[in-house]
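Here is a short briefing to read alongside the structure.

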Amino acid sequence: MTSTGWSFVEAAARLLARDEREAVLGDLLEADENALQGLVGVLSLVFRREVALWKSWRPWLAAFGVALPSSLLLMGVSLSVTWSYLTLRCPELLQKSSLTLGSGSLVLLCQTLLLIGWSWTGGFVVGSLSRRTLWASTLLCSSPCLFCLSRFRVESLSRFCLLLFLLPAIWGVHHGLRISRMKLRWAIALAITVTALMLPGWSSGAQHWWAPPQWTLNWILIWPAWYLVVTSWRFRTEVRRA
Amino acid sequence: MLGEFEYLMITAAAGLGDNAYGAAIREEIEATTGRKCSIGALYTTIDRLETKGLLKTWMGDATPQRGGRAKRMVRVTPKGVHAAKDFYDAVTRVSRGASWVANRTGSAP
């Protein structure tokens with residue numbers, strides 16, 4: 001096997017788990033296969049591994065149930081938070097909105113906490129559900145983001161205000177990859193807090209300027225928080241049974 | 001019940017004994033069946049059989065001929081032996097009377 005061909009095979013083998021990579025590359029060397037045969041063999045294994053991952057419901061749920069819809073909605077919430085902030089900073093806008101500085105600040109705080117809560121829980125669920133298919137969830141999250149960034153035309157706002165949700169979402173993914181499930185009491189506290197923060201928006205409807213857009217779709221953003229509660233509760237129940 | 005390739009793999013691994021690992025099993029299957037055995041089919045089948053509890057695998061020693069890379073050793077479990085025996089018995093039973101069986105009892109085609 002030539003060194004150039006071998007480097008391609010090794011690069012492809014990086015898509016495999018460490019132990020499997022060792023075994024497969026060793027087998028190819030031992031069988032004295034040429035670079036093309038080795039590359040085809042490794043790629044066929046990578047493909048089979050990927051197909052096997054997608055036989056589970058988890059990556060589908062992470063990609064199409066959380067990453068894609070949440071990124072679309074959270075861009076709207078990010079925009080809403082930015083508007084609230086700008087309104088507070090501009091006395092004329094604040095006067096038009098019929099809010100005082102105190103109530104406006106409270107609204108901004110609630111919106112910011114909601115944005116962080118929704119993004120973090122969504123990211124956590126994506127991370128815990130799709131460890132090895134994170135690339136697909138990332139792709140489905142970034143596609144609408146890139147589309148909206150390219151179409152965003154508001155002079156007074158930077159287009160990057162659409163992406164305020166990304167930082168807490170990445171933070172959530174990082175935690176989801178590391179611990180996969182939360183302690184039950186923390187999961188319940190988080191879900192209740194986020195739901196409580198949502199209630200003012202639900203009860204007053206979308207006629208308020210500060211209400212998150214399409215509030216009727218907020219259930220898409222809240223279910224990851226309650227999913228965490230259910231998974232933590234089920235895990236605790238299984239541990240107690242064992 | 002096992003699939004055909006699963007049976008081949010368990011039989012090859014059992015025959016190789018302590019020397020059963022990826023490349024050796026692959027070589028054994030190719031030599032006895034005359035069919036190409038891809039790395040992809042080999043390792044996904046090993047994983048499937050291990051999940052079913054029919055095989056046990058672990059990382060073995062590295063050798064110079066493998067570029068210092070470790071082997072994935074394979075051992076057939078008692079459950080795997082039982083499954084392979086069931087498969088063999090079923091094939092033997094269903095083959096009785098078939099025209100291609102040497103000591104057949106049925107009539108020739």
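What share of the contacts in chain A with a separation of 6 or more comes from residues 24 or more positions apart? The share is 81%. Please keep in mind that this is a predicted model.

**Overall build of chain A**
- With a radius of gyration of 23 Å, well over the 18 Å that the globule rule gives for 242 residues, chain A is more spread out than a compact globule.
- Taken along the principal axes, the box filled by its C-alpha atoms is roughly 80 × 55 × 20 Å.
- Buried residues make up 34% of the 242 in chain A.

**Where α6 meets α8**
- Two packed helices are described by the angle between their axes and the distance between the axes.
- For α6(A) (residues 101–129) and α8(A) (residues 166–179), the axes come within 6 Å and cross at roughly 35 degrees.
- This crossing of α6(A) and α8(A) is right-handed.
- On the α6(A) side the contact includes A:W120, A:F124 and A:V125, while the α8(A) side includes A:W171, A:H174 and A:H175.
- The residues of this contact divide into 11 nonpolar, 10 polar and no charged.

**Nonpolar cores**
- The largest nonpolar core holds 34 residues, and A:V77, A:L115, A:V125 and A:L228 have the most contacts inside it.
- Two or more residues of this core come from each of α4 (57–89), α6, α8, α9 (184–204) and α10 of chain A.
- There is also a second, separate core of 33 residues, with A:V24, A:L28, A:L29 and B:M9 among them.

**A look at A:V229**
- A:V229 lies in helix α10 (residues 218–241) of chain A.
- Leaving aside residues up to four places away in sequence, A:V229 touches A:A187, A:I188 and A:A191.
- A:V229 and A:A189 are 40 residues apart in sequence, yet their C-alpha atoms are 9.2 Å apart in space.

**Interface with chain B**
- Contacts between the chains involve 17 residues of chain A and 16 residues of chain B.
- On the chain A side, α2 (18–31) and α3 (35–53) are the elements that give two or more residues.
- The most come from α2(A), with 11 residues.
- This side of chain A divides into eight nonpolar, three polar and six charged residues.

Definitions and conventions:
Residues are numbered from 1 along each chain as its sequence is written. Chains are lettered from A and ligands numbered from 1 in the order in which they are written. This is a predicted model: local features need pLDDT of at least 70, side-chain atom pairs count only at pLDDT 80 or more; totals for chains, interfaces and linings use all residues. Two residues are in contact if their C-beta atoms, placed from the backbone, lie within 7 Å. Helices (H or I, at least four residues) and strands (E, at least two) are DSSP runs, numbered from the N terminus. Ala, Val, Leu, Ile, Met, Phe, Trp, Tyr, Cys and Pro count as nonpolar, Asp, Glu, Lys and Arg as charged, and the others, Gly among them, as polar. Axes are lines fitted to C-alpha atoms, for helices over the stretch in contact, and angles run from 0 to 180 degrees between N-to-C directions. A crossing is left-handed if the near helix is turned anticlockwise from the far one by less than a right angle, and right-handed if clockwise. A nonpolar core is a set of buried Ala, Val, Leu, Ile, Met, Phe, Trp, Tyr and Cys residues joined through C-beta atoms within 7 Å. A residue is buried if 20 or more other C-beta atoms lie within 10 Å of its own, exposed if 12 or fewer, and partly exposed in between; C-beta atoms are placed from the backbone. The radius of gyration is taken over C-alpha atoms; the globule rule is 2.2 Å times the number of residues to the power 0.38.
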